[in-house]
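Let's take a walk through this model together, moving from helix packing to the spaces inside the fold and then to a couple of backbone details. Keep the 3D view open as you read.

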Amino acid sequence: MSRRNKSNFPILALLVLVVIAGIVFMTNPFGDGNTNDSGDCDPDPDRKGYCLVDPGAYDAAVFVVGNTQNSPSPDIFLDNSEFDNILKNVFYSDNIKNVKLVSVAGDNHTLDFKASSGVAKNINASRNNLNKVKKELEAAMTTPADASGADYMSAILKASKLLPKSAENPLIIVIGSGYSDTGVLDFAHDDVLTRYGEDQTKLENYLAKQNQISRASLEGKTIIWYGLGEVVAPQKDMSEYSEQTASIYEATLNYLGATELSLDNPIGITKDTKSVDSSHLVAQTFTSALTAGDKFEVNEKIGEFKPDLASLKNPDLTKNKLQNFSKRFKASKNLKLKITGYIATCADDNSLSLERAKAIRDLLVELGIDKSQISVDGKAGGPPEKSGKEFLCPEESSLPDDERRTVIIEVLEN
């Protein structure tokens, strides 16, 4: 009898401990909210579910996102410990509502992002919510551009206006190549790298004449930039010009009064790195002689035609935007140009689009290209988005009318 009682005692004791543990778990399944079982958080002793915020942490952040062709997809940046720390501090400061996103494309629309979760009643639940917010942020960042073009400076200035005045330590985070094809720093058409890459005084004189910007508009702002100068196809490699690009932006942002800059933060792209999948184009920045396969699109931002006519509203502006391309073509050998005009609707013939192509040809001839090197064509609809089609009617196209009314210049082997 005594042997049986002795052998059952450990089992009974174990059962009692299991029952007690179960009762404790049911009463408070995640602990008191101040345990730190992940190693990534110093719990706030005064507030359950909160991690301590780093001293001087950013309490508001606006992302400027290169969700266009020519820039690596912004989600490549999210695997980044510095980003995780920034987001964590904003989250535990109860300021996740102050996180906003601005696209560099088109008219710099804000991207749809609103965090669905905030700090919870315990650390584990808060951590889960933070991970959820990060996924929501990734989805918003990778929303494809809804218009052609890229203008990083305008997007940065818009981001600055979106930062709440109540923020004590606001931050602008830029993710993208920096190669704009419109705006104050138009790398694609204004030959910014050659003009200002090594002459800061000349750049400041140029900036002083620009009505779109004003000094001190970035006063008190910190700007961290990831991926500046890093590009993907169809943009040709720009690594040779990364220092010049950074120098131009540093001088421009300092001119506008930015308090603190961190521009040298490469993302680290590979040959497999892709952009966001967008049908909206960004004009290439050409830095050397052209090669077969290069393209230049004279869209309405570059050359707007009068309605139903082949005459340009501002031929001098269009000619100026064609200068860099023309210079690069004249430096090339054994090449020719094919110019194709497109229209927004579908017509019975190609007469209007052909005449518009001829108008662009005539500007290139004025810029010194031999007329014999240029062939012209016109299509009875908008540009094709996939191979196998000569043109698309509006119901077949995903492009807006202002991108269908265009003239495309292609560089071909002679």
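In this predicted model, helix H4 (residues 152–162) and helix H7 cross at roughly 35 degrees, and their axes come within 12 Å. The crossing of H4 and H7 is right-handed. To find the contact in your viewer, pick out Tyr-152, Met-153 and Ile-156 on the H4 side, then Tyr-249, Thr-252 and Leu-253 on the H7 side. Sorted by class, the contact of H4 with H7 has 5 nonpolar residues and 1 polar residue, with no charged residues.

Stay with H7, and turn to its packing with H6. Helix H6 (residues 200–208) packs with helix H7 (residues 242–255) at an angle of about 50 degrees, and the two axes are 10 Å apart. That angle makes H6 oblique to H7. H6, too, passes H7 in a right-handed crossing. Which residues of H6 and H7 meet? From H6 come Gln-200, Leu-203, Glu-204, Leu-207 and Ala-208, and from H7 come Ile-248, Ala-251, Thr-252 and Tyr-255. The residues of this contact of H6 with H7 divide into 6 nonpolar, 2 polar and 1 charged. Notice Thr-252 of H7, which takes part in the contact with H4 and also in the one with H6.

The axes of H8 and helix H9 (residues 351–366) come within 9 Å, and they cross at roughly 60 degrees. The crossing of H8 and H9 is right-handed. H8 contributes Pro-315, Thr-318, Lys-319, Leu-322 and Ser-326 to the contact, while H9 contributes Ile-360, Leu-363, Leu-364 and Glu-366. By class, the contact of H8 with H9 has 5 nonpolar, 2 polar and 2 charged residues.

Now let's look at the empty spaces. Rolling a probe the size of a water molecule over the atoms shows where such space is left. The largest pocket has a volume of about 780 Å³. Of the 33 residues that line this pocket, Leu-281, Lys-295, Glu-297, Pro-384 and Ile-408 are the closest to its centre. Strand S7 (295–298), strand S8 (335–341) and strand S10 (407–413) each supply at least two residues of the lining of the largest pocket. Which element gives the largest share of that lining? It is S7, with 3 residues. Taken by class, the lining of the largest pocket has 12 nonpolar, 9 polar and 12 charged residues.

About 30 Å³ of space lies in the largest cavity. Its lining is made up of Gly-149, Asp-181, His-189, Asn-299, Lys-301 and Ile-302. By class, the lining of the largest cavity has 1 nonpolar, 3 polar and 2 charged residues.

Finally, zoom in on the backbone. Most residues other than glycine have a negative phi, and most peptide bonds are trans. With that in mind, here are two places to check. The peptide bond from Ala-233 to Pro-234 is cis, and its omega is near 10 degrees. You will find Pro-234 in the loop between strand S5 (222–226) and H7, the helix that packs with H6 and crosses H4. The other place is Asp-308, which has a positive phi of about 60 degrees although it is not a glycine. Asp-308 sits in the loop between S7 and helix H8 (315–330).

Definitions and conventions:
Residues numbered from 1 in each chain as written. Predicted model: local features only at pLDDT ≥ 70, side-chain atom pairs only at ≥ 80, totals over all residues. Heavy atoms only, no water. Axes fitted to C-alpha atoms, helices over the stretch in contact; angles between N-to-C directions. Helix = DSSP H or I, 4+ residues; strand = E, 2+ residues; numbered from the N terminus. Parallel < 35°, antiparallel > 145°, perpendicular 65-115°, else oblique. Left-handed = near helix turned anticlockwise from the far one by under 90°. Contact = heavy atoms within 4.5 Å. Nonpolar A, V, L, I, M, F, W, Y, C, P; charged D, E, K, R; others polar. 1 Å grid on protein atoms, 1.4 Å probe; cavity = no way out; pocket = protein on both sides within 12 Å on 5 of 7 lines; lining within 4 Å. Points joined across faces, edges and corners; volume = space filled by probe spheres on them.
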